[in-house]
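Me: Hi! I'm new to this one, could you walk me through a few things?

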Amino acid sequence: MLYFADFKTITQKSEEYFNHNHPRNVGEIVKILIKKYPQLKNILLEAKTNKIKDTISIAINHSIIKNPNPRSESLQKDDILAFLLPISGG
Amino acid sequence: MTNNKKKGDLIESGIYKKNEVDFPTLMSSLKNNLKIRNAGAVLSFNGIVRETSKEGKLVKSLTIDAYDELANKSINQICEDIRKIQGIIDIKLIHLKGKFKISEDLVYVAVASAHREEGFKALRIAVERYKKEIEVWKREEFLDDSAE
């Protein structure tokens, strides 16, 4: 995982490795993250539906994925994943 | 250890750490392009830290975070598109990352064009695009010690 902006603020990390029993898809990573960092729930998920917010972009191996059901996006060993908030530059 | 660029260095567009590049160095790099001889104008934009947020809160400092791999791709795409505009000779687009005080530089955009008309337009397009397309995030720290 790569962490940016509020993700970095909450996790206090810029990156993290999940080596054992690697998550098979984005949905599994979401569960792991929210269990470890409960504050991420409000940032990542819609309150009522628990769907990943539409405003969150998901990057795998430095490319934004376009999947209407992002939780189902599969992950391979050594994949690099990042959840991205809406852009706000200088 | 920083790798601060100096005049004469080739500066590619992209994400740089604060203080790694300054505006004179960027302009020097732009003019080192041999094609600059075809330019009659160089237009520039410099984004800096404003002392108030959009909501009017007083800002103490501003932190820029960037996903370098994605942001550099996006910046390069913007520059590639701008260079295709007729009359545009070259463009440099730099976004800095790090922690910044009021009025410090955040962004440099410089466009070299054959004539000023297309240069002004291209500069505007580049600025509006980087605001929407490059993977950077700002966090404002306010005088009341809150942040967002």
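**Salt bridges and a helix**

Reply: Happy to. K13(A) is partly exposed, with 30% relative accessible area (buried is under 20%, exposed over 50%, partly exposed in between, using a 1.4 Å probe and protein chains only). This is a predicted model, where local features need pLDDT of at least 70, side-chain atom pairs count only at pLDDT 80 or more, and totals for chains, interfaces and linings use all residues. Residues are numbered from 1 along each chain as its sequence is written, chains are lettered from A and ligands numbered from 1 in the order written, and side-chain values use heavy atoms, without hydrogens and water.

Me: Which side chain does K13(A) meet in a salt bridge?
Reply: That of E16(A), at 3.8 Å from N to O. A salt bridge here is a side-chain nitrogen of Lys or Arg within 4 Å of a carboxyl oxygen of Asp or Glu.

Me: And is E16(A) buried or exposed?
Reply: E16(A) is buried, at 8% relative accessible area.

Me: What does D90(B) form a salt bridge with?
Reply: With R83(B), and their closest N and O atoms are 2.9 Å apart. D90(B) is buried at 6%, while R83(B) is partly exposed at 36%.

Me: How many salt bridges are there over all chains?
Reply: The search of the whole structure finds 15.

Me: New topic: how many residues has helix α3 of chain B?
Reply: It has 18, residues 116-133, and it reaches 25 Å from first C-alpha to last, close to the 26 Å expected. The expected span is 1.5 Å times one less than the number of residues. Helices are DSSP runs of H or I, at least four residues, and strands are runs of E, at least two, numbered from the N terminus.

Me: Which residues in α3(B) are buried?
Reply: Among them are L123(B), A126(B) and Y130(B).
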